[in-house]
Amino acid sequence: MSADENHSANKAKATAEFTSDAAAMGVAASGGQSGEAIARRAEEFEGVGCHAGPAAMRRAAAAAGKSETLDRYAADYPVGPHDQPQSMCPAFGALRVGLRMRRTATVLCGSACCVYGLSFTSHFYGARRSVGYVPFDSETLVTGRLFEDVRESAFTLADPALHDAVVIINLCVPTASGVPLKLLPNAVNDVRIIGIDVPGFGVPTHAEAKDVLAGAMLHYARCEAEQGPVAAPRQGVSEKPTVTLLGEMFPADPIAIGMMLEPLGLAAGPTVPTREWRELYAALDCAAVAAIHPFYAASVREFETAGRSVVGSAPVGYEGTATWLEAIGEACGVARSQVDAAKDRFLPAVEGALAAAPIKGRITLSGYEGSELLVARLLVESGADVRYVGTACGRTRWSDADREWLESKGVQVQYRATLEQDLAAFDAFEPDLAIGTTPVVQKAKERGTPALYFTNLISARPLMGPAGAGSLAQVINTALGNKARFDAMKALFAGVGTGDASGLWEDVPQSRPEFREKHRRVRVASSGKRNAEEAF
């Protein structure tokens with residue numbers, strides 16, 4: 001059978017399966033509906049647009065058969081005590097994982113404005129692959145044609161000469177509307193098809209969305225490995241037992257970790273999320289898993305199902321490195337003498353690096369990457385007076401050791417930190433340096449306080465072992481030394497006003513509190529009406 005004939009046969013088979021399954025699930029087919037029925041359903045779906053709000057979209061998704069998915073996300077990524085931190089669209093995390101993998105096509109299904117923003121952001125951060133897009137309108141959404149278009153995109157991209165996998169990501173509106181990605185075939189022409197829902201009203205942060213896709217891929221790879229032989233890693237199989245590293249990190253960190261594992265008779269395994277499909281098999285075939293980033297709940301579930309031990313925290317600073325080496329040794333059954341030898345070899349180097357690059361100053365720290373607690377530990381061991389660390393990610397048992405260590409040093413740790421909490425910490429602790437997200441940095445600089453953007457200037461540096469011990473000192477101390485420059489700028493711009501009155505005016509704008517109060521009442525009334533409609 002030719003490739004075209006094989007493609008047609010697979011497509012016909014999948015179409016037949018979809019028709020049968022769709023009928024069982026109540027999924028509408030594109031034919032057989034009157035124009036009046038389509039218009040009526042289109043009007044119903046107008047309520048699940050981006051403007052509807054999270055509560056309405058959750059109810060719509062549950063009514064459309066997505067309860068199981070949303071319940072799993074709620075268990076894996078609990079949001080309390082508030083709803084959701086302010087950060088970028090969560091789907092960016094899953095999109096980033098797909099775009100960084102070799103031989104993987106990534107397709108978005110969502111509103112055009114969302115796809116534009118995600119595509120722009122992904123290429124801003126250096127994506128070198130195209131972002132696929134399945135567009136829709138009210139009619140294709142409510143008739144079921146959108147699912148057929150999604151399936152068609154999977155068949156179009158499923159070329160084994162180019163791809164190992166095709167990833168389809170449902171954004172908010174298709175998820176709320178119940179577009180059933182689980183009805184996609186598992187594979188087309190031996191190319192794996194991975195369909196995931198990553199709605200902003202179900203996945204709290206882009207960091208945790210990385211886990212949604214990584215976990216789905218690990219599940220698929222684990223099932224493949226259980227059925228028989230699988231492909232070896234590109235660099236071959238390690239002769240030593242390996243430790244899989246869970247969480248994105250600076251490229252030098254896996255190398256540093258590998259060096260620290262060598263005296264234990266171990267080697268660093270793949271980093272999950274991986275850069276190629278075949279690395280997933282090697283990641284599963286490990287002696288233990290190091291949860292460097294603690295929020296990968298779905299991935300941990302797959303590793304534990306495969307019978308692998310998971311170790312939290314990371315080798316950061318002197319105490320962190322010592323504790324981590326002991327935990328890895330215990331998880332992998334390494335002799336105590338080897339663990340002690342590794343500590344004797346690396347701990348003096350870490351101690352020396354910390355002593356050679358001290359940090360003096362009061363610091364508040366916040367971010368949404370998931371490594372905030374590790375960075376805070378390293379800053380404290382470097383001598384910094386860290387008062388507050390906020391992370392947009394949720395609390396898990398894999399971060400308990402870091403949280404307990406920081407709290408024992410008097411550091412306030414805030415999970416699911418909001419912008420308001422980060423700004424309140426800045427006001428309360430009056431730091432010499434604020435490390436945080438863009439709006440935190442903006443407020444700090446407006447106040448004349450040096451500030452650094454966490455994602456680009458802090459998390460993009462080595463943190464592990466001796467190399468990480470002194471890596472932050474240069475950028476931190478340089479920023480702390482810029483206080484005089486900020487004071488000079490504040491003096492230069494003194495008297496030009498703030499807020500609505502900032503700038504040079506012939507007549508300075510006058511505050512009209514009665515107008516503000518009028519518009520505030522309108523907003524409150526509008527919000528109350530919307531909440532009442534959602535509750536109804």
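The crossing of helices α13 and α14 in this predicted model is right-handed. The protein contains 23 helices and 14 strands, and 50% of its 536 residues count as buried. Among contacts between residues at least 6 apart in sequence, 73% join residues at least 24 apart.

**Helices α13 and α14**

- Helix α13 spans residues 317-331 and helix α14 spans residues 336-356; their axes come within 9 Å and cross at roughly 165°.
- That angle makes α13 roughly antiparallel to α14, because angles over 145 degrees are counted in that class.
- On the α13 side, the residues that meet α14 are Gly-317, Tyr-318, Thr-321, Ala-322, Leu-325, Glu-326 and Gly-329.
- Their counterparts in α14 are Arg-336, Val-339, Ala-342, Lys-343, Leu-347, Val-350, Glu-351 and Leu-354.
- Sorted by class, the contact of α13 with α14 comprises 8 nonpolar, 3 polar and 4 charged residues.

**Thr-321 in α13**

- Thr-321 lies in helix α13 and has a relative accessible area of 0%.
- Thr-321 is therefore buried, since the class requires a value under 20%.

**Helices α9 and α12**

- Helix α9 (residues 206-227) packs with helix α12 (residues 297-305) at an angle of about 20°, and their axes are 7 Å apart.
- The angle makes α9 roughly parallel to α12, because angles under 35 degrees are counted as such.
- The crossing of this pair, α9 and α12, is left-handed.
- Helix α9 contributes Asp-211, Ala-214, Gly-215, Leu-218, His-219 and Arg-222 to the contact.
- Helix α12 contributes Ala-297, Ala-298, Ser-299, Glu-302, Phe-303 and Thr-305.
- By class, the contact of α9 with α12 holds 5 nonpolar, 4 polar and 3 charged residues.

**The open sheet of five strands**

- An open sheet of 5 strands runs in the order β2-β1-β3-β5-β4, and its pairing is mixed.
- Strands β2 (132-133) and β4 (187-188) stand at the edges with a single partner strand each, so one side of each has no neighbour in the sheet.
- Strands β1 (residues 104-109) and β3 (residues 165-170) pair in the parallel sense over 6 bridges.
- Within this pairing, Ala-105 stands opposite Val-166 in β3.
- Helix α4 (residues 91-99) packs on the sheet and touches β1, β3 and β5 (191-197).
- The direction of α4 makes about 155° with that of β1.

- Strand β13 (residues 433-436) is covered on both faces.
- Leu-433 and Ile-435 lie on one side of β13, Ala-434 and Gly-436 lie on the other, and all of these residues are buried.
- Strand β10 (residues 362-367) pairs with β13 in the parallel sense over 3 bridges, and Leu-433 in β13 is the bridge partner of Ile-363.
- Strand β14 (residues 451-453) also pairs with β13 in the parallel sense, over 3 bridges, and Leu-452 in β14 is the bridge partner of Ile-435.

Note on methods
Residues are numbered from 1 along each chain as its sequence is written. This is a predicted model: local features need pLDDT of at least 70, side-chain atom pairs count only at pLDDT 80 or more; totals for chains, interfaces and linings use all residues. Side-chain values use heavy atoms; hydrogens and water are left out. Two strands pair if DSSP finds at least two bridges between them. Helices (H or I, at least four residues) and strands (E, at least two) are DSSP runs, numbered from the N terminus. Contact means heavy atoms within 4.5 Å. Axes are lines fitted to C-alpha atoms, for helices over the stretch in contact, and angles run from 0 to 180 degrees between N-to-C directions. Angles under 35 degrees count as roughly parallel, over 145 as roughly antiparallel, 65 to 115 as roughly perpendicular and the rest as oblique. A crossing is left-handed if the near helix is turned anticlockwise from the far one by less than a right angle, and right-handed if clockwise. Ala, Val, Leu, Ile, Met, Phe, Trp, Tyr, Cys and Pro count as nonpolar, Asp, Glu, Lys and Arg as charged, and the others, Gly among them, as polar. Buried means under 20% relative accessible area, exposed over 50%, partly exposed in between (1.4 Å probe, protein chains only).
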